[in-house]
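Hi everyone, thanks for making time.

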Amino acid sequence: QARLVESGGGLVQPGGSLRLSCEGSGGDFRNYAMGWYRQGHGGQRELVASITSGGYTNYANSVKGRFSISRDSAANAVYLQMNSLKPEDTANYSCNAGRYNNGYIPYDIWGQGTQVTVSF
């Protein structure tokens, strides 16, 4: 069964950086597009960044220039480098496997999430 596991979340001060990792198992994710979502307390789930199997990336306007998504297909892994973090970036971040068709479309393959808290 395909499974995704995130790691790398934590508490960081505003302006700081974190790198999230997502490792896949039980399947070959090389041909999937991958996405990072976040959901703040009481908020809706938001697509933050996505990357195609060929490495094309796309970002939410709120994180452009601060976040960077990358993947290591040989390792079945995808990463989210987050710089210049703001308190409004506080959320539970989860990765997803999906596809592209005029935008990122998620499959029902999710990790359990990792909490990111940006605060003094």
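**Bonds and bridges**

Let's start with two cysteines: C22 and C95 are both buried. Keep in mind that we're looking at a predicted model here. So what joins C22 to C95? That's a disulfide, with the sulfurs 1.9 Å apart. Searching the whole structure turns up one disulfide. The torsion about its S-S bond is about 55°, so this disulfide is right-handed. And where do the two ends sit? C22 is in strand β3, residues 18–25, while C95 is in strand β9, residues 91–100, so the pair ties together parts that are 73 residues apart in sequence.

Okay, stay on strand β9 for a second, because S94 is there too and, at 6% relative accessibility, counts as buried. Leaving aside residues up to four places away in sequence, S94 touches E6, G35, W36, Y37, W110, G111 and G113.

Now, charges. Side chains of opposite charge can pair when their charged atoms come close. How many salt bridges does the structure hold? Four. I want to show you a network of them that links R38, E46, R66 and D89.

Begin with E46, which forms a salt bridge with R38, the closest N and O atoms being 2.9 Å apart. E46 is partly exposed, at 29% relative accessibility, whereas R38 comes out at 8% and counts as buried. R38 also meets D89 in a salt bridge, again 2.9 Å from N to O. That pair links distant parts of the chain: R38 belongs to strand β4, residues 33–39, and D89 to the loop between β8 and β9, 51 residues apart.

From D89 we can move on to R66, because these two side chains meet in a salt bridge as well, at 2.7 Å. Here the loop between β8 and β9, with D89, is linked to the loop between β6 and β7, with R66, 23 residues apart.

Last stop: T114, in strand β11, which covers residues 114–118. T114 has a relative accessible area of 10%, so we call it buried. Its side chain reaches the backbone nitrogen of G9 at 3.1 Å. Not counting residues up to four places away in sequence, the residues T114 touches include E6, L20, A91 and Y93.

That's my tour, and I'm happy to go back to any part of it.

Note on methods. Residues are numbered from 1 along each chain as its sequence is written. This is a predicted model: local features need pLDDT of at least 70, side-chain atom pairs count only at pLDDT 80 or more; totals for chains, interfaces and linings use all residues. Side-chain values use heavy atoms; hydrogens and water are left out. Helices (H or I, at least four residues) and strands (E, at least two) are DSSP runs, numbered from the N terminus. Buried means under 20% relative accessible area, exposed over 50%, partly exposed in between (1.4 Å probe, protein chains only). A polar contact is a pair of N or O atoms within 3.5 Å; within protein, one must be able to donate a hydrogen and the other to accept it, and residues adjacent in sequence count only if both atoms are side-chain atoms. Contact means heavy atoms within 4.5 Å. A disulfide is a pair of cysteine sulfur atoms within 2.5 Å.
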